[in-house]
Amino acid sequence: MNGSAPAARGPGRRPRARGPVLDRPAVAFWVFAGPFTAGLALFTVVPVLWSVYLSFFDARNTVAPTTFVGLRNYTDMLTSPAFLDSLLTFTVFAACTVPLMFAGSLALALLLHRARWAQPVLRSVYFLPAACSYVAASLIWKLSIFNGVRFGLANTVLGWFGAEPVAWLSVTDPPWYWLALVTVRLWLQVGFYMLIFLAGLQRVPRELYEAAWVDGAATGWSTFRHITLPQLHATSAAVLLLNLVAAYQAFDEFYNLLGTDGYYPPYARPPLVYLYFTALGAGQDFGRGSAGAVILALLIALATMAQGRFLGFGRSRA
Amino acid sequence: MTRVAGQREEAARPAATAADRARRDRRRRRVRGAVGGAALYAALGAAALAFLLPYYLILRNGLATQEEITSPDWTPLPADPQWGNVTALFAADSPMLTGLANSLVVAVLQTGGQLLVCSMAGYALARIPYRHSGAVFGTIVATLMIPAAVTFVPTFVMVSSLGWVSSLRGLIVPGLFSGFTAFLFRQYFLTFPRELEDAARVDGLGHWGTYWRVVVPNTLQFFAAIGVITFIGSWNAFLWPLVIAQDSSSWTVQIVLSTYVTAQTLDLPELFAAAAVSVLPLLLMFLFLQRYIVRGAVESGIKG
């Protein structure tokens, strides 16, 4: 696409043609990487910069605004209870899903790693939920498992023990809907993270366990504590980071599980759902939507770097 | 702690006792092994049932009658499978049919296009000695820091300015340029044996010929692994189609399904039948392309 531009910019000492034009590094590089770079520029870099520009303007229902408002969109967002609440929602959601996902996938991987028989079949079964979309899973959770009427699965099971049916999603006090939000994500994703842990476990050298056993550290817990866990350090860091970023971007299950019954307030609303309604809802406020996107992007970048610093993950990434 | 204590103990005793201990331990372990094995498989089996439960619910409800679902007594399986629930979804010009067709087109083109564009970029970054290659790579890594979901507002602004709202172009094209996929390909091509490429050069092939005749044919497994993961992601995508497909003619299957759920225009069995139909293509992929999916998941997970 822009293959000729860099070649033309190059200084006059063009090497005497040793073979086809296509083999000059600059030309070849842009032939290969040009389409991608142009696309990335057009659909990511330029939009992000444009968005930063919009965030300083009153851009309601327009993407070519004229009224400069300085930092007002930012101060509006940072003082808006709805936006701050969405950050709180994310924090609660991450505090629930990240540890459970981590512990659940690690436990499954450890169990499966010890299984000699039927391991491939079980692995497939645990990974099978990854085929399901959040929309389809939300449908099952909302209309079957956590259906608030008597025939819902959870209420059927409660009924066997003589308990009254619970209105899982349609009441916010107590906030049982969080149970649906957290479990649907666990079901969909635990198998995926289990695979990553399993791959990590398979890379732990066997000699380490043999050496520890000779050293007398034969009990399961101490080998786990002193060998398995340290050896899984990089994998654990990756799983934690992936989980945190994924929780931050939670949208599908909130939108589909709470869609008709629950709007904010009193239902919790995560940042992306808030952003969606601000920028693309009735108001089409691109200025505040953009300011929100910039704030969120900065927060996630900070969190990524902080975690990289703590867990030494940043270096392996670049 | 344990290890330190163990080492001291080891140093105090002659080495031969280690063999004794090994034998004793092995015997003890065999007894414990049988009990532990049963417990292990009980846990694994219970987990497996829990994981399969939602799929069972889709199947049961999708083939049941409304009365069977809403009855206060739990019916484990419908007495008489109602295949009519499924065929009702495919009545003439039903949104489901349009949705499935749109999703197929979007997922296929997005997967193919992303593999093409991102693999070539990855190859250039890994192998073509260009002065500004490092700067380009740095820019790509920088865009990785911005989570894709946060850019949906900016990208929507761009795509709507291009007039691509409610079009397949708008659904497909912005998803082609994944910095993450280009990054994965770069890392992978860095490990590709240079000797093969050198041999191709000796045979007179340039970068273009080397890439298409030597590199690609020898890395098809990796392409397949990344491809299936991209396809799954594209088929199950929700936020971007929700933003861009505003006209029902451009809805993907996920949007159709979500509309069914929120508007509740269908009865329960039909809703579950629709969910089953939307998941079925990917379940078939999981059955037949399992190897690539697992590899793709591990590659993209570990390097992410």
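Trainee: Which residues of α4(A) meet α11(A)?

Mentor: From α4(A), they are A:Phe90, A:Phe93, A:Ala94, A:Thr97, A:Val98, A:Met101, A:Phe102 and A:Ser105. On the α11(A) side they meet A:Val239, A:Leu240, A:Asn243, A:Leu244, A:Ala247 and A:Tyr248. Bear in mind that this is a predicted model.

Trainee: And what is the split by class in that contact of α4(A) with α11(A)?

Mentor: There are 11 nonpolar and three polar residues, and no charged ones.

Trainee: At what angle do the two helices pack?

Mentor: At about 145 degrees, for helix α4 (residues 81-114) and helix α11 (residues 233-248) of chain A, and their axes are 9 Å apart.

Trainee: Is the crossing of α4(A) and α11(A) left-handed or right-handed?

Mentor: α4(A) passes α11(A) in a right-handed crossing.

Trainee: Stepping back, how many helices and strands are there in chain A?

Mentor: Chain A has 15 helices and zero strands. It runs to 318 residues, of which 41% count as buried. Among its contacts with a separation of 6 or more, 65% are between residues 24 or more positions apart.

Trainee: How many residues does each chain put into the contact between A and B?

Mentor: Chain A puts in 90 residues and chain B 84. On the chain A side, helix α2 (residues 25-54) gives the most, with 19 residues. That side of chain A divides into 64 nonpolar, 20 polar and six charged residues.

Trainee: Where are the domains of chain B?

Mentor: Domain 1 covers 2-62 and domain 2 covers 92-303. Four residues of domain 1 of chain B are in contact with seven residues of domain 2. The domain 1 side of that contact has two nonpolar residues, two polar and no charged.

Trainee: Where does UniProt put the transmembrane regions of chain B?

Mentor: The unreviewed UniProt entry places them at residues 33-58, 104-126, 135-157, 163-185, 222-243 and 271-289. Take 104-126 of chain B: the chain there is 100% helix and 0% strand, with the end C-alpha atoms 32 Å apart. Over 222-243 of chain B, the figures are 91% helix and 0% strand, and the end C-alpha atoms are 32 Å apart.

Trainee: Next, B:Trp164. Where is its place in chain B?

Mentor: B:Trp164 is in the loop between α7 (152-161) and α8 (168-172) of chain B. Leaving out residues up to four places away in sequence, B:Trp164 touches B:Val159, B:Arg169 and B:Gly170. From B:Trp164 to B:Phe180 is 16 residues in sequence and 24 Å in space, C-alpha to C-alpha.

Trainee: Why does B:Trp164 count as partly exposed?

Mentor: Because B:Trp164 has 18 other C-beta atoms within 10 Å, and a buried residue needs 20 or more.

Trainee: What is phi of B:Ser166?

Mentor: Near 60 degrees, a positive value in a residue other than glycine. Most residues other than glycine have a negative phi. B:Ser166 is also in the loop between α7 and α8 of chain B, and with 16 other C-beta atoms within 10 Å, B:Ser166 is partly exposed.

Trainee: Back to chain A: what is phi of A:Ala118?

Mentor: Phi of A:Ala118 is positive, near 65 degrees. A:Ala118 lies in the loop between α4 and α5 (119-127) of chain A. A:Ala118 is partly exposed, with 14 other C-beta atoms within 10 Å.

Technical notes
Residues are numbered from 1 along each chain as its sequence is written. Chains are lettered from A and ligands numbered from 1 in the order in which they are written. This is a predicted model: local features need pLDDT of at least 70, side-chain atom pairs count only at pLDDT 80 or more; totals for chains, interfaces and linings use all residues. Domain bounds come from an automatic or database domain assignment. Two residues are in contact if their C-beta atoms, placed from the backbone, lie within 7 Å. Ala, Val, Leu, Ile, Met, Phe, Trp, Tyr, Cys and Pro count as nonpolar, Asp, Glu, Lys and Arg as charged, and the others, Gly among them, as polar. Helices (H or I, at least four residues) and strands (E, at least two) are DSSP runs, numbered from the N terminus. UniProt positions are given in the numbering used here, feature names are shortened, and annotations may be inferred rather than shown by experiment. A residue is buried if 20 or more other C-beta atoms lie within 10 Å of its own, exposed if 12 or fewer, and partly exposed in between; C-beta atoms are placed from the backbone. Axes are lines fitted to C-alpha atoms, for helices over the stretch in contact, and angles run from 0 to 180 degrees between N-to-C directions. A crossing is left-handed if the near helix is turned anticlockwise from the far one by less than a right angle, and right-handed if clockwise.
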